[in-house]
Amino acid sequence: MRATSLTVAALAAALLLTGCDDGGGEADSKDSTAGSACADKVAVQFGPANAAPAAGDTGNVPVTITNRSGAECTLDGLPAVEFSAGGTVTDVPTDKAAGAKKTTLVKEASTSFTLTYVRGEKGGSTSLAVGKVEIHLPGSSKPHSFKWSYGDVALKSGGQAPNASVSGFQQSGD
């Protein structure tokens, strides 16, 4: 009887360690390439920023993600960011140096990424009057929205894309 109890306990422990779920049962192995369902159970902090004080200056906004899922959580891929300006939504490109990788967070651990932007002239034809930022985490079904309070964002030459980029996830803490 004791051997059976130990076997069942070992099997249960192994199943718990194989994935993070949405709290409703088994982990969905189909999500392994796009992230984990636990990405919907993280806390996201936007800023405080090292804001660009004047047009042409570069600013950095750190975005910190803390695992609140209650279990280990894996983010498989890169964060995606969108600027909303009036009725226009513009994707912020990923920094070319950022490589997609799996970032595993134990319970209550954090990771971060940086949104870097060039400040544009207020109301200028080569600027985007950003009002809101949406953060999309790999594996998450819902975006995290934040008010943008760092001024207009310059557009790259050609006037279509924001002069901004998103880094990959970086280890935070110990």
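User: How many helices and strands does the protein have?

Analyst: The protein has 1 helix and 13 strands. Helices (H or I, at least four residues) and strands (E, at least two) are DSSP runs, numbered from the N terminus. The order from the N terminus is α-β-β-β-β-β-β-β-β-β-β-β-β-β. Keep in mind that this is a predicted model, where local features need pLDDT of at least 70, side-chain atom pairs count only at pLDDT 80 or more, and totals for chains, interfaces and linings use all residues. Residues are numbered from 1 along each chain as its sequence is written, and side-chain values use heavy atoms, with hydrogens and water left out.

User: Why is T66 called buried?

Analyst: Buried means under 20% relative accessible area, exposed means over 50%, and partly exposed is in between (1.4 Å probe, protein chains only). T66 has a relative accessible area of 11%, so T66 is buried. T66 sits in strand β2. Leaving aside residues up to four places away in sequence, T66 touches V42, A43, E108, A109 and S110; a contact here means heavy atoms within 4.5 Å.

User: And what makes S84 buried?

Analyst: The relative accessible area of S84 is 14%, so S84 is buried too. S84 lies in strand β4, and beyond residues up to four places away in sequence S84 touches V89, A129, V130, G131 and K132. Over the whole protein, 36% of the 174 residues count as buried.

User: What makes the contact between E108 and R68 a salt bridge?

Analyst: A salt bridge is a side-chain nitrogen of Lys or Arg within 4 Å of a carboxyl oxygen of Asp or Glu. E108 and R68 meet at 2.2 Å, N to O, so the pair qualifies. E108 lies in the loop between β6 (101-105) and β7, and R68 in the loop between β2 and β3, so the pair ties together parts that are 40 residues apart in sequence. E108 is partly exposed at 43%, and R68 is partly exposed at 47%.

User: Where is G70, and is G70 buried or partly exposed?

Analyst: G70 is found in the loop between β2 and β3 (73-77). Its relative accessibility is 46%, so G70 counts as partly exposed. C-alpha to C-alpha, G70 and E108 are 7.7 Å apart in space, and 38 residues apart in sequence.

User: How many salt bridges does the structure hold, and which residues pair with E134?

Analyst: The structure holds 2 salt bridges. The side chains of E134 and K132 meet at 3.4 Å, N to O, so that pair passes the distance test. E134 is buried at 15%, while K132 is partly exposed at 34%.

User: Which residues touch the most other members of the largest nonpolar core?

Analyst: They are F46, I65, F83, F113, L115, I135 and W148, out of 30 residues in that core. Such a core is a set of buried Ala, Val, Leu, Ile, Met, Phe, Trp, Tyr and Cys residues joined through side-chain atoms within 4.5 Å. Elements giving two or more residues to this core include β1 (42-46), β2 (58-67) and β7 (110-118).
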